[in-house]
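Work through the exercises below with the model in view. Each task is followed by its solution.

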Amino acid sequence: MEPVEPAEDRIAKVIARAGIASRRDAEAMIAEGRVTLNGKVLESPAVNVTAADTITVDGEPLPAKERTRLWLYHKPRGLVTTARDPEGRPTVFENLPEDLPRVVAVGRLDINTEGLLLLTNDGGLARVVAHPDTGWLRRYKVRAHGEITQADLDRLRDGISIDGIDYGPIEARLDRVQGDNVWITMGLREGKNREIKRILEHLGMRVNRLIRMSFGPFQLGDLEVGLVEEVKTKVLKDQLGAALAAEAGVDFESPVREPIAPFGSLKKERPERDERPARSARGRDDERPRRRRDDDERPFRARDGERHGHDEEEPKKRPSRLEPKRSVWRAGEDEVAPRKKVPRRGADPREERAAKAERPRERVGAIASAEGRKVVVERLVRVPEAEEAPAPRRGRGDAAGGEERPRRRTADRDAAP
């Protein structure tokens, strides 16, 4: 079935449908004299045009009409569903991928509501899908503080009136109780402003988390928070059906101006980055790119420009007490071997060993080893006392002017009682 083209349409709507700007911005462009129609500058947006008219914006003709497209977006909490917020809060459209064309939201989600948000480049499709007469069910997961029973929720099947506002039938199921909170699954078809929160507050509950799980036939599934995934044209066409497609005036025959970017995963969204999953202690994706071989010789830093003026020389690493100490035998020529403690008494042990090596030896005898070999036994030849006697050591007697008392040998100490 070929798409049904309207005979006439407002020029601001045509400009917005071409992806140039929103209707409000298109009207501002017309007021500034930036739009021409068939060679004449427009002064008012109250003009209807057809496909035979020639429209230019800033001297450039409108791009060719693009195929109707639909995206699934996992909206996080803290974003406002609007193009510009007068209070300066972050918006949904400021956080969309850059490759995404100009889109509009199908309905709205509250700033503290998360979950599935439909985006499209066709304003007519957004209007038809979000209209209550279409009857698409919107399903939510709700966490609320307070006590409620399934019987209380069953009363919502016939609708409810609160402060003069009538709300249509609502499907509600109590899933589980978690401490002072309860989890409820709710399905509604109208989607009025703050509908779920107002209804549960009327029942004595306070909503502290709200997640949209589905919108009509489109499910949130396992789409990660903040990511966008496009619905295939064939799937979108089958789910809309002929009646809704004709009412919305969709176009499934025109080409796509930009290639359909696969926004479904982090790996496909950022093919130039490392394919390993990002890990960060700050709770955000903090990927550190690998250093390539063709990089300059400057030391790598995770955050470039963090330490200005210190790029030429990297600070020396302080030695750790856990690192093993280098042995004196492995010390380099330019290194200084650690100094050993000098004995408090007597000569240097190295000099004493050297002196013993030069002293003559005499053969005492030989003994047989376990293998039957003879082992020669030698001993050092005694040196005269004048050469061997060490320097006298001062004892208590020296300090008092008397003679030094001889020290008992080890054998005498062992034999003493």
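**Exercise 1.** Which residue in the turn of the hairpin formed by S15 and S16 has a positive phi?

Solution. This is a predicted model, in which local features need pLDDT of at least 70, side-chain atom pairs count only at pLDDT 80 or more, and totals for chains, interfaces and linings use all residues. Residues are numbered from 1 along each chain as its sequence is written, and side-chain values use heavy atoms, leaving out hydrogens and water. Strands are DSSP runs of E with at least two residues, numbered from the N terminus. Two residues lie between S15 and S16 in the hairpin. Of the turn, Gly216 has the positive phi, about 60°.

**Exercise 2.** Where is pLDDT below 50?

Solution. pLDDT is the predictor's confidence in each residue, from 0 to 100.
- Step 1: The chain's mean is 75, and 63% of its residues reach 70 or more.
- Step 2: Residues 320–335 are below 50, with five contacts (heavy atoms within 4.5 Å) beyond near neighbours in sequence.
- Step 3: Residues 397–402 also stay under 50, with four contacts beyond four places in sequence.
- Step 4: Where pLDDT is low, predicted coordinates should not be read in detail.

Terms used: Pairing = 2+ DSSP bridges. Helix = DSSP H or I, 4+ residues; strand = E, 2+ residues; numbered from the N terminus.
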